[in-house]
Amino acid sequence: MPKNRAVKARNGEAEWFGDAASSYVFRPIHYLGSKLRVLTAIERAVDRVDPSGGPVCDLFSGSATVSRYLSQRRRVMAVDIQEYARVLAEAVLNGDPTWSMASVETALDHDRRGTILRRAVDPLIKLENEAALDALRGNVEPLCELLELGNLASLSGDELAAGSLLVGAARETRTRIEAIGLPGADTVCVRHFGGQYFSYAQAAELDAIANLARDSQSSVLLAATLSTASHLVNSIGKQFAQPIRPRDKSGIPKRHVVKKIIAERGLSARSVFLGYLRQYRGLAVTRRDHATVRADFREALARPALKPSVVYADPPYTRDHYSRFYHSLETLSLGDDPNITKSNLGNGDVQSRGGYREGRHQSPFCIKSEAPAAFSALFAGVAALRVPLVLSYSGYDPIVEARPRVMALEAVISLARQHFNDVRIEQLASLEHMKLNTTSLNKAAKGTTEVLLLCR
Ligand SMILES: C[S@@+](CC[C@H](N)C(=O)[O-])C[C@H]1O[C@@H](n2cnc3c(N)ncnc32)[C@H](O)[C@@H]1O
């Protein structure tokens with residue numbers, strides 16, 4: 001495919017000609033370590049090590065922003081261990097022309113399963129509405145209690161035995177959900193994520209939307225569901241690892257937090273979903289034969305779905321497992337009803353307040369003792385394909401950075417040199433990066449900014 005020329009693209013409805021760049025910068029979800037702000041620098045580096053314009057493998061594709069951008073001018077193979085990442089990549093790379101806005105709206109209007117579920121959750125929805133009104137009038141206690149209740153699936157019989165209004169509504173909701181007899185996967189949002197991440201009304205709507213999306217088998221409908229969940233979630237950083245705590249350490253409600261929560265929890269999941277669908281609809285695609293793979297990086301390199309002429313790799317570089325931060329998106333994508341992990345509290349008998357899925361992926365890149373072998377396998381796997389590699393990594397200065405990198409940059413570079421003859425380091429202290437804010441500017445100045453390793 002010709003490189004760096006106006007591309008011929010098409011979206012679901014019409015042929016489209018010209019410079020597609022604006023629609024190729026798209027953020028499907030809020031994602032830790034997203035490369036949205038350094039896309040042009042990444043593409044330039046990829047083009048420098050592989051001027052052929054051949055297929056590119058985006059090896060840790062995450063939110064699919066890099067895959068989407070590179071797909072303007074190259075065929076892409078997007079790889080990630082998480083199913084939600086595969087769904088997002090499929091939606092933004094290959095699109096799906098099989099639905100219309102009108103057909104989705106009609107399906108939502110006539111969704112009997114959604115109506116039944118909403119009725120079952122009504123006691124908690126009503127109580128939450130009352131609590132929000134109370135909070136607006138100055139009494140934030142009921143809303144704080146509701147946020148602190150945790151998820152329905154984790155509540156033990158003992159907790160539900162007491163006599164408060166909240167407990168009564170939670171018991172009634174649980175009984176009604178059991179009575180409607182839907183499969184666990186159809187009500188998982190309400191039971192695992194309602195209350196602490198979404199309002200109960202939003203959680204019921206999200207279950208209904210996710211069920212429709214999965215039934216339709218459309219990657220775009222499911223991706224728009226994930227975008228909606230990411231947009232709505234009540235948490236700092238829009239992840240699913242730390243449910244918001246509405247009180248400070250001494251138990252005093254944080255009023256500014258409560259105010260923000262009320263605004264966010266009042267949003268309609270359906271409106272947000274339809275808004276995202278329109279955005280996905282507007283994404284031009286240049287071709288529909290990109291490959292999207294859910295696999296471990298070693299497996300994907302050993303048996304690539306298509307032979308790349310260059311690999312871009314953006315592995316995790318802190319101890320934070322992505323599977324913990326985005327477990328809810330994984331559950332929505334898989335459409336299952338997983339067990340919830342136990343927390344360290346209460347002799348390990350208490351289910352985690354965050355509602356984390358059992359058996360979630362543990363990445364070797366996030367584990368100090370395993371990271372060197374993982375990097376070696378990554379370099380060896382790409383070298384065995386006899387193609388160049390562009391690796392994103394983050395420099396780290398222990399004096400200024402609180403969140404340590406699992407491996408020091410120097411160690412990563414020396415491993416790369418064992419597998420490639422020519423390894424060059426580029427610092428991404430580019431204008432794009434500098435635009436962020438004063439903190440990141442300071443970090444960039446102190447050498448903690450992103451780097452690219454160009455390996456040939
Ligand atoms: C830094 S993020 C990638 C961000 C991505 N470039 C973006 O812009 O959104 C790292 C990704 O590596 C994935 N990952 C972690 N361990 C993996 C493994 N063993 N195999 C494949 N992917 C893995 C995570 O799920 C996560 O999405």
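## The open sheet

Begin with the open sheet of seven strands, whose order is 5-4-3-6-7-9-8 and whose pairing is mixed; strands here are DSSP runs of E of at least two residues, helices are runs of H or I of at least four residues, and both are numbered from the N terminus. Two strands count as paired if DSSP finds at least two bridges between them. This is a predicted model, in which local features need pLDDT of at least 70 and side-chain atom pairs count only at pLDDT 80 or more, while totals for chains, interfaces and linings use all residues. Residues are numbered from 1 along each chain as its sequence is written.

Select 291-294 and 423-427 next: these are strand 5 and strand 8, the edge strands, each of which pairs on one side only. Neighbouring strands of this sheet are turned against each other by 20° on average, direction ignored.

Now select residues 83-93, helix 4, which lies across strand 4 (76-80) and strand 5 and runs at about 175° to strand 5. Angles run from 0 to 180 degrees between N-to-C directions, and axes are lines fitted to C-alpha atoms, for helices over the stretch in contact.

## Two helix pairs

Select residues 219-232 and 327-334, where helix 11 and helix 16 pack at an angle of about 155° with their axes 10 Å apart. Helix 11 is therefore roughly antiparallel to helix 16, a term used for angles over 145 degrees. The contact (C-beta atoms, placed from the backbone, within 7 Å) is made by Leu222, Thr225, Leu226, Ala229 and Ser230 of helix 11 and by Ser328, Leu329, Leu332 and Ser333 of helix 16.

Move to residues 112-136 and 141-148, helix 6 and helix 7, whose axes come within 7 Å and cross at roughly 135°. Show Glu128, Ala131, Ala132, Asp134 and Ala135 of helix 6 together with Pro142, Leu143 and Leu146 of helix 7, the residues that make the contact.

## Around the ligand

Finally, which residues come nearest to the ligand? Of the 21 residues around the ligand (C-beta atom, placed from the backbone, within 6 Å), these are Gly33, Phe60, Gly62, Ser63 and Ser363.

Note on methods:
Angles under 35 degrees count as roughly parallel, over 145 as roughly antiparallel, 65 to 115 as roughly perpendicular and the rest as oblique. Two residues are in contact if their C-beta atoms, placed from the backbone, lie within 7 Å.
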